Structures are given as C-alpha cells and as structure tokens.
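Trainee: Can we go through this structure together? I have the sequence and the coordinates open.

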Amino acid sequence: MPRIVLENITKRWGGFTAVENLNLVIEDGDFIILLGPSGCGKTTTLRMIAGLETPTEGRITIDSVPVFDSEKGINVPASRRDVGFLFQNYALWPHMTVRQNIAFGLENMKWKKEAIEARVQEMLKKLKIEEFIDRYPSELSGGQQQRVAIARTLAPKPRILFMDEPLSNLDAKLRSEMRIELKRLHKDLKSTFVYVTHDQLEAMTLASKVCLMKDGLLQQFDPPLKTYTSPCNLFVADFVGNPTMNFVKASFFRRDGSRIFISLLGHECEFVANEPMAEVPPSLIVGIRPEYIEISDNGKLEGIAYSTLPSGMETTIKVKIGDAIVSSVVFGAIDFPPDQPVRCNIIGSSIILFDESTGFRAASGSLKL
C-alpha cells in the first residue's frame, strides 16, 4: 500500500518560491490535510504529489517507487501515478448522466462492459446515490454532485485520493454533513486521502494529521489535537482554533529552581512548566485558549465585560482586563451587559509560553495567580 515521501521538495516560478525545502511522510491510510492561508503553497504541494505540477528540486516516492527525482530526471506523469483527483468545482460532464459520469474513466481505461456496470453499481451504493443514476448534474444539488464526483474519482480504484477544497462551494449545513460523510468514507475505503483547505475546522474534524504551511514553509505536521494544544509557534497558535488563542505580553523576572515567576495582566504569577526549561526568554507572550479563562465570582483577575456573544450551546465573552481584551468561552447561553464587572481565573495545564523575539514555543504548563 502507498506510503508517500517528499524529500527537500521546492517549487519556484522565476524569483517566487511557492514551496521551499518541504520534507513530509504520509503513511498508508492517513487522512492528511494541507492547511494554511491563501498563497501558502498547499495546493501547489498537492499538485506536485499528484503529478499535475513539476517540482523545481527534490524527490517524491510513492510506495517506495520514485515518481519524481530532480537529480535523476524522473518525472512520472499523473496518469501513471494511480491517483484520483477531486476538484473544487467537481468537473462533472453536464451532458452525461450520473451513470455515464462514473463510467467515463473506466471506459477510457478499456474496462470490460460487465466490470464497468458492476463498479458503477458499487459506487452508487457506497455513496448512496442509486436513485440519481439517470439524472444529469444540473438536476442534482451541490451535495449530490459532490457525491457523484467522489464516486467517479473512486471508480478506477486509485491508491490515493487528492481533494482540493471540495466543500468550499457548499452551504454551511451541507458542509457539516459532508464532513461526516468524508470521514466515514475514509474509514470504509481504507485509502490514503490528501486534502487541501484553508478552513481550520475541516482540518480539526477530518485529519489524522495536519500539515500547516505559511509562505511555502512547513510550520507543523502533527495530529490536529496536538497542533491545537501544543502549537510550535505563534502562527500555528493563532491560525488554529476559533475563537483564536489569547496572546498576552508578559515578562520574566525571577526563577526559583523549577518555579518561574512572570508578570502578567498586572499580577505576579508562578508558571509551572510541564517539561524542563533550560532557559527562560526575558520577553514572553503567554498563549491562553479561551476555554482556559474561567468566569468565576471568586476569580483573581478583575475586568469588565467588553462584549458577550451567546450562540446557544456556548457563549464567547470578551473581557477587558487592564489594557488587554481576552476571550473566554463558557458552556451554555449567558449574557453580560457591556461594562458589567466580571472576575476570571486562568485554569488548565496547557498554557503556552512563547519567546516574543522568535515566536517559538518555550514551554507549556499551568499558571498560579
């Protein structure tokens, strides 16, 4: 089964570098999501693995077989890499029925008529679109068209399925439903999925690993929950999570063995690290996820409610503490009038210290106010 390895992959167009020295290992059966803002290089990376774009430098192997090697002059075309590609606009033939769209690639591959019909029926059943077999794409909803596109892509039994923002044309409710279907489909097919999106919610809910990129450089490659709880730098911490992580400036003023004392929000705090710290940066950014700011009558931090955003199941509260405004997320629907005094605590053991000068994570741990 396919294991994809990218070694020192770089893509340049003239003086512009889209992807720089990317090293990545995608294991068989992974659901990898390439995540990042527009222009970060995620789609270019996907297209290079699929064979739709030629890297400038580096080496790509699929199942230990080189499909690209800049030094040896190897560049296997996309048609011979045994991969499927699902595009953002689905690219269904408008003059063909669902049956004809799914069968199209198999006919080009010279499958026997009986085998084509059996495979079409199998895909219709798997994607739950049997009732649409004789309809044209214009007679289908966006979600139904997407299922047909997936069925057509999977019909030739590709070892790897590439998807470039396949849910971006759907409304919010349908996107949520199709995320569920895609995750279930990945489990049922046991195939390798490589998926591009700029939506961090899709990455968190679908991926076995997230490859987060910025300006063509890999920032972090980890399971989504590790990316969320242990971001390696300020960019990752800010990009992943909604509401975003709170960033509060702090300064280190003394250390007593394993205890680190910092100044934060007008308080002297003790930071207890989860791992040994050889050196503490003098200027720090403290990263606090909104769920770790607890609204409590006995809270040690005094502030005022800047705004309250109840959404039913949870409420986001913006709290002004001194000159800083921080976000807190609490379960349930509550509401505070603007400027009402509130008190907060910082809880949990996943508070992150970042080195302000480099942006890299220095440590994670808990704070005692």
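Mentor: We will take the sheets, then a loop residue, then the helix packing.

Mentor: This is a predicted model, in which local features need pLDDT of at least 70, side-chain atom pairs count only at pLDDT 80 or more, and totals for chains, interfaces and linings use all residues. Residues are numbered from 1 along each chain as its sequence is written, and side-chain values use heavy atoms, with hydrogens and water left out.

Trainee: In what order do the strands run in the sheet that holds E1?

Mentor: The order is E2-E1-E4-E5-E6, an open sheet of five strands with antiparallel pairing. Strands (E, at least two residues) and helices (H or I, at least four) are DSSP runs numbered from the N terminus, and two strands pair if DSSP finds at least two bridges between them.

Trainee: How many bridges join E1 to E2?

Mentor: Seven, with E1 spanning residues 4-13 and the two strands running antiparallel. Lys-11 stands opposite Val-19 in E2.

Trainee: Which strands does H1 touch?

Mentor: Helix H1 (residues 42-50) packs on the sheet and touches E1, E2 and E4 (57-62). Contact means heavy atoms within 4.5 Å. The direction of H1 makes about 120° with that of E1. Axes here are lines fitted to C-alpha atoms, for helices over the stretch in contact, and angles run from 0 to 180 degrees between N-to-C directions.

Trainee: Next topic. Is Val-76 buried or exposed?

Mentor: Val-76 counts as buried because its relative accessibility is 15%. The cut-offs are under 20% relative accessible area for buried, over 50% for exposed and partly exposed in between, with a 1.4 Å probe and protein chains only. Val-76 is in the loop between E6 and strand E7 (83-86).

Trainee: What does Val-76 touch?

Mentor: Leaving out residues up to four places away in sequence, Val-76 touches Pro-66, Val-67 and Arg-81. Val-76 and Thr-54 are 22 residues apart in sequence and 9.8 Å apart in space, C-alpha to C-alpha.

Trainee: Helices, then. At what angle do H2 and H4 pack?

Mentor: About 30°, with the axes of H2 (residues 98-108) and H4 (residues 142-154) 7 Å apart. H2 and H4 are therefore roughly parallel, a label for angles under 35 degrees; over 145 is roughly antiparallel, 65 to 115 roughly perpendicular and the rest oblique.

Trainee: Which residues meet there?

Mentor: Val-98, Asn-101 and Ile-102 in H2 meet Val-148, Ala-151 and Arg-152 in H4.

Trainee: How far apart are the axes of H4 and H5?

Mentor: The axes of H4 and H5 (residues 172-189) come within 11 Å and cross at roughly 20°. That makes H4 roughly parallel to H5. Among the contact residues are Ile-150 and Leu-154 of H4 and Leu-182 and Leu-185 of H5.
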